[in-house]
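Biologist: Please take a close look at the charged side-chain pairs. Then follow the parts they sit on into the rest of the fold.

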Amino acid sequence: MAKEKYNTDQLIAAILEGIENVKGEDISLLDLREIENTVCDYFIICSGSSNTQVNAIVSSIQKVVSKTLKEKPWHVEGTDNAEWVLVDYVNIVVHVFQKQIRDYYDIESLWGDAKTTTIETNY
């Protein structure tokens, strides 16, 4: 794998910009670096109000990251029904949920040991 041309903070900022561009809600950043045996360094979790908005958020994230950092996700899954879409950028995994699905799975409490930052939005 080629050496990263950007740092993690730049990738987080680009992902957050993509979420905010289409008014993703309840954005949380979970720092998993202090937890043993995790699959990545960060989770970014947000909600959309419909499958259309969830897919719009995912599309916006990919466009902003591609445009600013020339990077594509390693893997994307869940776009068919768009209730829970996972966008994997290897060290950062983005979870885009419909609200009721996010409440049901409550992955924030599954990763309760993670340092959680709530991202404030102005909309």
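Modeller: A salt bridge is counted when a side-chain nitrogen of Lys or Arg lies within 4 Å of a carboxyl oxygen of Asp or Glu. In general, side chains of opposite charge can pair when their charged atoms come close. The model is predicted, and by this rule it has three salt bridges.

One of them joins Arg102 and Glu108, whose closest N and O atoms are 2.4 Å apart. Both Arg102 and Glu108 are buried, where buried stands for a relative accessible area under 20%. Another pairs Glu25 with Lys99 at 2.5 Å, N to O. Glu25 belongs to strand 1 (residues 25–31) and Lys99 to helix 3 (residues 99–105), so this bridge ties together parts 74 residues apart in sequence.

Five of the seven residues of strand 1 are buried, and the strand is mostly covered. The sheet is open, with six strands in the order 3-4-5-2-1-6 and mixed pairing. Its edge strands are strand 3 (75–77) and strand 6 (115–119), each of which pairs on one side only. From one strand to the next the twist averages 15°.

On one side, strand 1 pairs with strand 6 in the antiparallel sense over five bridges, with Leu30 opposite Thr116. Strand 1 also pairs with strand 2, again antiparallel and over five bridges, and there Leu30 stands opposite Phe43. Strand 2 (42–48) in turn pairs with strand 5 in the parallel sense over seven bridges, and Ile44 stands opposite Val94.

Strand 5 (92–98) comes next in this walk. Seven of its seven residues are buried, so strand 5 is largely enclosed by the rest of the structure. In a regular strand, side chains alternate between the two faces of the sheet. In strand 5, Ile92, Val94, Val96 and Gln98 point one way, Val93, His95 and Phe97 point the other way, and all are buried.

Strand 4 (residues 84–88) is joined to strand 5 by five bridges, and the two run antiparallel. Val94 has a bridge partner here as well, namely Val87. Strand 4 and strand 5 form a hairpin with three residues between them, and Val90 in the turn has a positive phi of about 70°. Beyond strand 4, three bridges join it to strand 3, again antiparallel, with Glu77 opposite Leu86.

Two helices lie against these strands. Helix 1 (residues 8–21) lies across strand 1, strand 2, strand 5 and strand 6, and runs at about 5° to strand 2. Helix 2 (residues 51–69) packs on the sheet, touching strand 2, strand 3, strand 4 and strand 5, and its direction makes about 160° with that of strand 5.

The nonpolar side chains complete the picture. The largest nonpolar core has 26 residues, and those with the most contacts inside it are Ile15, Ile19, Ile44, Ile61, Ile92, Val94 and Val96. Helix 1, strand 1, strand 2, helix 2, strand 4 and strand 5 each supply at least two of its residues, and helix 2 gives the most, with seven. Setting aside neighbours within four places in sequence, Ile15 is in contact with Ile44, Ile61, Val65, Tyr89, Ile92 and Val94. Another core, of 11 residues, lies apart from the largest one and includes Leu32, Phe43, Ile45 and Ile101.

Note on methods: Residues numbered from 1 in each chain as written. Predicted model: local features only at pLDDT ≥ 70, side-chain atom pairs only at ≥ 80, totals over all residues. Heavy atoms only, no water. Helix = DSSP H or I, 4+ residues; strand = E, 2+ residues; numbered from the N terminus. Buried < 20%, exposed > 50% of the residue type's maximum accessible area, 1.4 Å probe, protein only. Pairing = 2+ DSSP bridges. Axes fitted to C-alpha atoms, helices over the stretch in contact; angles between N-to-C directions. Contact = heavy atoms within 4.5 Å. Core = buried A, V, L, I, M, F, W, Y, C linked by side-chain atoms within 4.5 Å.
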